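Work through these exercises with the sequence and the 3D view open. Try each task before reading its solution.

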Amino acid sequence: MDPARAARLSLVAALGIMVVWGCNFALTKYILDGVGVGTFLFVRFAVMLVLGAALLAYVFRRQPRRMLPRRADLPRFAAAGLLGHFLHVGIVMWGIDLSTAFSSSLVLTSAPLFTLLILAAMGVERLHARQVAGTLAAFAGIVLFLSDKFAAGFARAGLGDLALLAAAAIFSLYTVISKPLAERYGALMLLAWSLAFGAPPMLLACLPAFLAADLAAVSPALWLALAWAILVSSFLGWLVWTWVNAVRGVARSAPLQYLMPPIAGVVAWLTLGETFTWLKLGAAAVVMAGVAWAQYGARAP
């Protein structure tokens with residue numbers, strides 16, 4: 001594909017994924033309230049594992065050897081699977097269950113900060129004064145946003161937000177680790193093989209919850225929400241986001257995640273009845289401004 005056309009398509013695809021993922025926070029709250037974290041994770045990973053393997057087999061049906069990655073890359077695939085799928089997704093679902101849709105989306109927006117710090121630690125980028133200032137401002141905004149929760153004690157919602165902060169750091173590490181694999185093998189190979197390493201431990205961990213679930217009582221609307229969350233937001237979303245990172249680069253694609261909190265906030269307000277104080281809205285603005293300042297700190301924002 002022509003690089004200019006690929007760049008335009010990747011931007012459109014990235015914006016579409018941000019809308020889907022922004023809406024997905026409220027949808028995930030609805031699903032978790034209906035079936036629980038363990039059952040949702042088991043169904044999600046079982047379906048994605050099968051879909052990934054089936055699509056990979058279909059695409060390379062005439063050249064089956066191309067489905068196999070090089071042996072030297074298997075440890076990186078394993079790390080990507082355990083970090084990006086087992087740890088990141090598992091912690092995110094647990095954190096969202098303990099928090100709110102808007103709060104979850106805002107805390108996860110800190111991922112570009114961790115990406116920047118990881119790249120700096122690896123020697124890929126050198127931190128500038130503006131980047132340091134932006135990073136500190138963003139973390140201060142997160143503390144301000146969560147201040148009311150911690151003022152009342154270590155509430156369950158506060159624990160969920162801290163878990164989401166850890167998940168954001170893990171996703172940043174996954175992004176850096178997986179980028180060479182995406183460039184070498186493509187989005188489908190990365191998704192299918194990272195799931196091959198990340199899905200089995202998750203399925204084992206969530207099997208008891210799945211067996212104990214009363215799936216016969218699940219409503220058609222909840223099944224439809226599950227299908228959308230797994231097929232569109234998760235499976236297709238991971239494929240598209242991996243391709244976007246490969247085309248645009250991690251540094252250019254990461255700032256688009258700033259779009260998720262406003263979308264998630266509006267959807268949560270409309271569907272879940274979430275309300276936001278001026279303190280929270282101001283703190284959210286500080287967080288996103290700090291992340292943007294850190295992301296573009298090497299030049300004038």
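**Exercise 1: The second largest cavity**

α8 gives the most to the lining of the second largest cavity, with 5 residues. The model is a predicted one.

Task. Find which residues line the second largest cavity, and sort them by class.

Solution. 
- Step 1. Start with the space: the second largest cavity holds about 80 Å³.
- Step 2. List the lining: Tyr174, Thr175, Ser178, Lys179, Ala182, Leu190, Trp238, Trp241, Thr242 and Asn245.
- Step 3. Assign the elements. At least two residues come from α8, and at least two from α10.
- Step 4. Sort by class. The lining has 5 nonpolar, 4 polar and 1 charged residues.

**Exercise 2: The largest cavity**

Task. State how many cavities of 30 Å³ or more the structure holds. Then describe the lining of the largest cavity.

Solution. 
- Step 1. The count is 4 cavities of 30 Å³ or more.
- Step 2. The largest cavity has about 400 Å³ of space.
- Step 3. Its lining has 20 residues, and Trp21, Phe25, His88, Val92 and Leu108 lie closest to the centre.
- Step 4. Two or more lining residues come from each of α1 (3–35), α3, α8 (156–185) and α10 (220–248).
- Step 5. α3 supplies the largest share of this lining, 5 residues.
- Step 6. By class, the lining of the largest cavity splits into 13 nonpolar, 6 polar and 1 charged.

**Exercise 3: Two partners of α1**

Task. How are α1 and α2 oriented to each other: roughly parallel or roughly perpendicular?

Solution. 
- Step 1. Take α1 and α2. Their axes come within 7 Å and cross at roughly 110°.
- Step 2. Angles of 65 to 115 degrees count as roughly perpendicular. α1 and α2 are therefore roughly perpendicular.
- Step 3. Find the contact. From α1, Thr28, Ile31, Leu32 and Val35 meet Val37, Thr39 and Phe40 of α2. This contact of α1 with α2 has 5 nonpolar, 2 polar and no charged residues.
- Step 4. Take α1 and α3. They pack at about 80°, and their axes are 10 Å apart.
- Step 5. Phe25, Thr28, Lys29 and Leu32 in α1 meet Met93, Ile96 and Asp97 in α3. The classes in the contact of α1 with α3 are 4 nonpolar, 1 polar and 2 charged.

**Exercise 4: Proline 69**

Task. Is proline 69 buried or exposed? Locate it and name what it touches.

Solution. 
- Step 1. Proline 69 sits in the loop between α2 (37–59) and α3 (74–98).
- Step 2. The cut-off for buried is under 20% relative accessible area. Proline 69 has 12% relative accessibility, so it counts as buried.
- Step 3. Leave out residues up to four places away in sequence. Proline 69 then touches Leu74, Phe77, Tyr185, Met189 and Trp193.
- Step 4. Leucine 181 is 112 residues away along the chain, yet its C-alpha atom is 9.5 Å from that of proline 69.

**Exercise 5: The whole chain**

Task. Which elements make up the protein, and what percentage of its residues count as buried?

Solution. 
- Step 1. Count the elements: 13 helices and 0 strands.
- Step 2. Of 301 residues, 50% count as buried.
- Step 3. Take contacts between residues at least 6 apart in sequence. Of these, 89% join residues at least 24 apart.

Key:
Residues numbered from 1 in each chain as written. Predicted model: local features only at pLDDT ≥ 70, side-chain atom pairs only at ≥ 80, totals over all residues. Heavy atoms only, no water. Helix = DSSP H or I, 4+ residues; strand = E, 2+ residues; numbered from the N terminus. Buried < 20%, exposed > 50% of the residue type's maximum accessible area, 1.4 Å probe, protein only. Contact = heavy atoms within 4.5 Å. 1 Å grid on protein atoms, 1.4 Å probe; cavity = no way out; pocket = protein on both sides within 12 Å on 5 of 7 lines; lining within 4 Å. Points joined across faces, edges and corners; volume = space filled by probe spheres on them. Nonpolar A, V, L, I, M, F, W, Y, C, P; charged D, E, K, R; others polar. Axes fitted to C-alpha atoms, helices over the stretch in contact; angles between N-to-C directions. Parallel < 35°, antiparallel > 145°, perpendicular 65-115°, else oblique.
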